[in-house]
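Work through the exercises below with the sequence and the model beside you, and try each task before you read its solution.

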Amino acid sequence: MDYRSTLNLPKTDFPMRANLSKREPEFLKMWEARGIYGKLIRQAKERTKYILHDGPPYANGNIHIGTALNKILKDIIVKSKFMAGFNSHYVPGWDCHGLPVEHEVEKSLGKKKTELSTVDIRKRCRDYATKFVNIQREEFKRLGIFGEWENPYLTMNFGYQATIVREFGKFLLNGSVYKGKKPVHWCPTCKTALAEAEVKYEDHRSPSIYVKFRMISKLENEFPALKGKPISVIIWTTTPWTIPANLAIALHPDFTYLAVDIGKEVYILAEGLLETVMEKFGVGNYKVLEKFPGKRLEGFKTRHPLYERESIIILAPYVTLDAGTGCVHTAPGHGQEDYETGVQYGLEIYSPVDDDGRFTKDVPFFAGQFVFDANSAVSKKLAEAGALLKEEVMVHSYPHCWRTNDPIIFRATEQWFISMEKTGLRGNALKSINEVTWIPPWGRDRIYGMIENRPDWCVSRQRAWGIPITVFYCSSCKQTLATQETIEYVAKLFEKRGADVWFDEETARLLPEGTRCPGCGGSEFTKETDILDVWFDSGVSYAAVLENRPELQFPASLYLEGSDQHRGWFHSSLLTSVGTRGHAPYCSVLTHGFVVDGEGKKMSKSAGNVIAPEEVINKLGADVLRLWVSAEDYKDDIKISDEILKRLADSYFRIRNTYRFLLGNLYDFDPEKDRIPYPDLYEIDRWALHRLQKLIFRVREAYERFEFHIVYHSVQNFCAVEMSSTYFDILKDRLYTFSSHSRGRRSAQTALYEILSALTQLMAPILSFTAEEVWQHLSGGEGKAESVHLTVFPEIKNEYLDEGLNERWERIWEIRAVVMKALEEARKEKKIGLSLDAQVHLHLPEKEYQFLKSYEKELKSIFIVSSVTLRPVESREEKEVKAEVLRADGEKCERCWNYDVSVGKDPEHPIACGRCVEALQG
RNA sequence: GGGCCUAUAGCUCAGUUGGUUAGAGCGCACGCCUGAUAAGCGUGAGGUCGAUAGUUCAAAUCUAUCUAGGCCCA
């Protein structure tokens, strides 16, 4: 007789091979067709809200692995919060304005650009951004991300644009916005400001000059040794044309400076550069008169070498000893660092250069000259004044215009700023930082330090693709006009027609009729053409999205982005929210690290170590990518490599096979009819349920703490150790050989059903596709949810917890390990192959003997051998459990493969054991 | 150059307030099974805890320096 067919072997059409790249899109279609996300939010409508507010990715290019990581992390949180019983409605967004899009559009236009109006360019920018929003949306959906994809937020939506105007309006009205000067990269050929991204660095020949600034302040009181001779501070620069704008000389506070007597006069310079400089000057005979740290000279005054003006000595930390003299020529209108120290010391941001790069007419000697041509004139004039000590030529890296390739200059221009101090923004922001939960905790220190030290926020840009700074200027008295009425009028216009109207319409039509200048009563106005920094756009997303959509909530429960956003979105959102609402827009901020390669190095095209999400999805599936996200501790940098992905794929298959085994053994189990009440379950099944409760506890807690790698490791361990190699292995005999409806089999199935449904739900936020696939295969009555994502996590059932039982089984597992070792020995000696070939004699100390006695009947199934006999050890000295392995007695039952003396007793089934005969009849 | 952060087996992670021989899973090696079968089971080998110096009776854990790497500034 073919006994195989009389067994209850696993049966399922849940495939072993996942073929995720093909199967996942089918689930996406299913979710979409059945409107699963819509059902989810409807179902959760009345629940407590947990709102993760999406930081908008930039609408340019395809998503990369870092974007995928970020969105998957968000999705795991959103799904796990829904399953934990919250309403976690997720509205994704995109950042659409800004230079990168404008760049791409300009590139594609080429020379045609100059023929187009601002509005035309903006229209093309909008089309370009729309295209990439659509591309990225599909890419995100393919990852299995749930959210309101049909109605995301875009910073270029008319409503959003109006919000930007209103929010910036609040700053305009509260007195924190001012206009000031700031140096920007400026291309004299294009007559335009350039952003950092529009600048390329190339080698350039520049003059290199050493200039002396005669000391005016008397040094004798401080340094008696310096009495008598004229003293000069020596500076070095490669941009002689900025000498006319010199207002200060910067020294490092802690470097040692020297006063050096070279004969008729005394030079001041840094100790570390003395020899180099003296050699350059050809001075062989010199004497150091004084030594002092830079900070002792702070506030001393020198005379400008060309003009009747002072140049003050200031301190700056960026002074280096790499080149020059350690005394840095400072022109606050012509350099970034110069500007910052200039602001700090209250110096004028002096920049007497016009749009064409020519000196303005108030500059003696050089008025009207192009700055680069003026280099030699300046040197000549310095030489005439006796201030030029040395002139050379040097080749160095210098900024050039990306378009014309011409060298560019730093030039101070009028810009708009939000003050950090005028309304106490800095102090309030610092206070608000302490009210937020930062995960990990050092995020707080990081943003705190930045807010503490940052300069005022320069919010203006001289570009086309963005939101205009909606202020007006009175044509007659030049006064700035921005009132509640004008701001709201413009906001309403934007709401209806978009921000393009600002560039499309005449100024008069952007103002309420009859608007008068409050200063002079004038009725003619011009409009500002600068646009806002895009960080302001995304920085008010809470206002445009959270406050505008009633299904959401302000402040957000959570912001979640890469750690670079401490300077980016977390930062700008904090400032706008604190400035207008007095507190942070988020309760918690979670940051993740950056994706790096297997060696921990950053990914770059040039290094050739880039892994694209698309590749992973096509090769292994989105679920493997999601599993990767969950497995790594994202607080640190996150590694990815082919090996890591291979390991993850292996790990995925182990989990998948666990699901498959469970499904295969539940094909004939109807939980509503066949479930065995808990007290009647076999003890080992109750052990399994106890372990399951522990897993549920650990996993739910890990989700709550956003520690997804704990989820991954816990589930992985549970599947591999507690289930597959222990519980399932033991269960097979009962599941396969007992009659299908027997109490023993139903008891096992009762536990397996609980395990399967819990395991499916616990992994659903991570393995969103696979969990759904399992769920669709799971039997269940009317009450079964349409999708696993519509369910909530299993609760811990206290009645399933039994610590005493667990402890007993821990002892059994220890003894089982001893038996396994003995079996392995016997296997090596070729005594047995299958463990069922063996019988085991256990030699036990008294305590163990008494304990195992009560499990005597079950032990053979627990050890998966044909029989177990228990023997107390003879000597009391013996404390160890010993297992002796012998060939099993009796014949092998062809049905259950156990050896038993009953085989052959039944004439109808001469090669089956008594237990199997019963099962066959039963 | 500055701020913040990271470094534990081939891979991913644990490692409480410093306290025996540093753990887990995967992978690997060897073996078993062929009734989860492109599966399953068993046994085993892998680590100077990035390096150095210190504090201590005792350091993966505390301190300093260095090295490698990441993010943000300059």
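**Exercise 1.** How many residues surround RNA strand B, and which are the closest?

*Solution.* This is a predicted model, in which local features need pLDDT of at least 70, side-chain atom pairs count only at pLDDT 80 or more, and totals for chains, interfaces and linings use all residues. Residues are numbered from 1 along each chain as its sequence is written, chains are lettered from A and ligands numbered from 1 in the order in which they are written, and side-chain values use heavy atoms, with hydrogens and water left out.

Begin with the term: a residue is near a strand if one of its heavy atoms lies within 4 Å of it. RNA strand B is surrounded by 52 residues, and the closest are Arg 446, Gly 600, Asp 633, Arg 660 and Ser 724. Next, sort the residues of this surface by kind, which gives 16 nonpolar, 10 polar and 26 charged; here Ala, Val, Leu, Ile, Met, Phe, Trp, Tyr, Cys and Pro count as nonpolar, Asp, Glu, Lys and Arg as charged, and the others, Gly among them, as polar.

**Exercise 2.** Find which parts of RNA strand B face the protein.

*Solution.* Then look at single polar contacts (pairs of N or O atoms within 3.5 Å). A polar side-chain atom of Tyr 736 lies 2.9 Å from a phosphate oxygen of RNA strand B, a polar side-chain atom of Asp 637 is 2.8 Å from a sugar or linking oxygen, and an N or O atom in the side chain of Arg 17 is 3.3 Å from a base nitrogen. The elements giving two or more residues to the surface near RNA strand B are α11 (442-453), α19 (642-664), α22 and α25, and α22 gives the most, with 12 residues.

**Exercise 3.** Check the length of helix α25.

*Solution.* A helix is a DSSP run (H or I, at least four residues), numbered from the N terminus, and its expected span is 1.5 Å times one less than its number of residues. Helix α25 (residues 803-828) has 26 residues and should therefore span 38 Å, which agrees with the 37 Å between its end C-alpha atoms.

**Exercise 4.** Is Leu 692 buried or exposed?

*Solution.* Leu 692 belongs to helix α21. Buried means under 20% relative accessible area, exposed over 50%, and partly exposed in between (1.4 Å probe, protein chains only). The relative accessible area of Leu 692 is 0%, so Leu 692 is buried.

Notes:
A polar contact is a pair of N or O atoms within 3.5 Å; within protein, one must be able to donate a hydrogen and the other to accept it, and residues adjacent in sequence count only if both atoms are side-chain atoms.
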